[in-house]
Amino acid sequence: MTTDTHKFYDLALNDHDRLPVIAYGSAGTGKTYGAVGAAVKWLEQDKRKQCIVTRPNVSFAKENGFIPGTQREKMAPWIKPIEQNFKFHGLNDGHLSDLERHNRLQYVALEHVQGLTWDDSFIIVDECQNMSIEQLYVFLTRTGKYSKVVLCGDVAQTSPKFHNSGLAELIKMVDATGVRCHTIEFTADDILRSEQAKAWIRAFEQWEKIKND
């Protein structure tokens with residue numbers, strides 16, 4: 001069951017002004033799912049439009065290990081959750097492969113972003129809590145004409161390898177400067193994944209408060 005926050009998120013994702021969206025907060029709330037759903041609508045509007053997906057190459061685990069193969073194959077572990085969301089919205093393997101083959105769906109490693117410009121694009125940045133404010137600056141300034149950017153992240157899930165989350169600073173910057181942008185904060189009340197997931201997230205949040213007190 002969706003909440004008012006999800007309704008606000010849907011409006012922000014589909015606004016006519018194409019303002020950037022920062023969706024942040026609890027896991028399991030459908031941040032990436034909603035962004036991918038809006039991207040599917042975007043791709044259906046016009047065959048000239050494209051969807052760009054990127055995320056930092058930072059694992060929550062302590063060791064990434066070595067992944068052999070092409071750049072696309074190396075990105076496979078982090079592409080998989082995004083592909084799953086596309087499939088939830090009705091796109092099968094053949095459709096996704098066709099979109100990639102025609103460059104309408106592009107998975108771009110964050111380290112390859114600098115110098116690029118994307119026009120007529122729906123751009124999703126997933127797990128952006130593991131980006132520095134400098135990386136977010138480089139990325140956000142890549143936005144071209146008639147494009148829409150959606151940043152998805154949860155500061156509470158920042159990787160142990162990444163101590164200074166740029167997402168937290170970006171949210172403060174948006175509030176302080178008044179830059180035109182939608183900021184949507186999700187809480188445990190907005191969790192859709194499962195009641196069990198909601199119970200665990202609430203327990204961890206409560207535990208952090210207990211430790212801090």
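Of the 213 residues in the chain of this predicted model, 45% count as buried. The accessible surface of the chain comes to about 12400 Å², and carbon and sulfur atoms hold 52% of that area. Because a compact globule with 213 residues would have a radius of gyration near 17 Å, the 17 Å found for the chain agrees with that expectation. Taken along the principal axes, the box filled by the C-alpha atoms is roughly 55 × 45 × 35 Å.

The secondary structure consists of 8 helices and 6 strands, and their order along the sequence is α-β-α-β-α-α-α-β-β-α-β-α-β-α. Among the contacts in the chain with a separation of 6 or more, 79% are accounted for by residues 24 or more positions apart. As for charge, the chain carries 26 positive and 28 negative side chains, and the centres of these two sets lie 3 Å apart.

**Aromatic pairs**

The rings of Trp 118 and Phe 139 have centres 6.0 Å apart, and because their planes stand at 50 degrees the pair is tilted. Trp 118 lies in the loop between strand S3 (105–107) and S4, whereas Phe 139 belongs to helix H6 (residues 133–140), so the pair ties together parts that are 21 residues apart in sequence. Trp 118 is buried, with a relative accessible area of 5%, and Phe 139 is likewise buried, at 1%.

**Two buried positions**

Val 150 is found in strand S5 (residues 148–153). Its relative accessible area is 0%, and Val 150 is therefore buried. Not counting residues up to four places away in sequence, Val 150 touches Tyr 9, Leu 13, Val 21, Ala 35, Phe 122, Ile 123, Ile 124 and Val 125. The C-alpha atoms of Val 150 and Leu 19 are separated by 9.0 Å, while the two residues are 131 residues apart along the chain.

Asn 85 lies in helix H4 (residues 76–88). Asn 85 counts as buried because its relative accessible area, 11%, falls under the 20% limit. Not counting residues up to four places away in sequence, Asn 85 touches Thr 32, Tyr 33 and Val 36. From Asn 85 to Leu 151, 66 residues apart along the chain, the separation of the C-alpha atoms is 16 Å.

The relative accessible areas given above are collected here.

| Residue | Relative accessible area | Class |
|---|---|---|
| Val 150 | 0% | buried |
| Phe 139 | 1% | buried |
| Trp 118 | 5% | buried |
| Asn 85 | 11% | buried |

Methods: Residues numbered from 1 in each chain as written. Predicted model: local features only at pLDDT ≥ 70, side-chain atom pairs only at ≥ 80, totals over all residues. Heavy atoms only, no water. Helix = DSSP H or I, 4+ residues; strand = E, 2+ residues; numbered from the N terminus. Rg over C-alpha atoms; globule rule 2.2 N^0.38 Å. Buried < 20%, exposed > 50% of the residue type's maximum accessible area, 1.4 Å probe, protein only. Contact = heavy atoms within 4.5 Å. Areas by Shrake-Rupley, 256 points an atom, 1.4 Å probe, with all protein chains shown as cover. Lys, Arg positive; Asp, Glu negative; His and termini not counted. Charge placed at Lys NZ, Arg CZ, Asp CG, Glu CD. Phe/Tyr/Trp six-rings, centres within 6.5 Å; stacked < 30°, edge-to-face > 60°.
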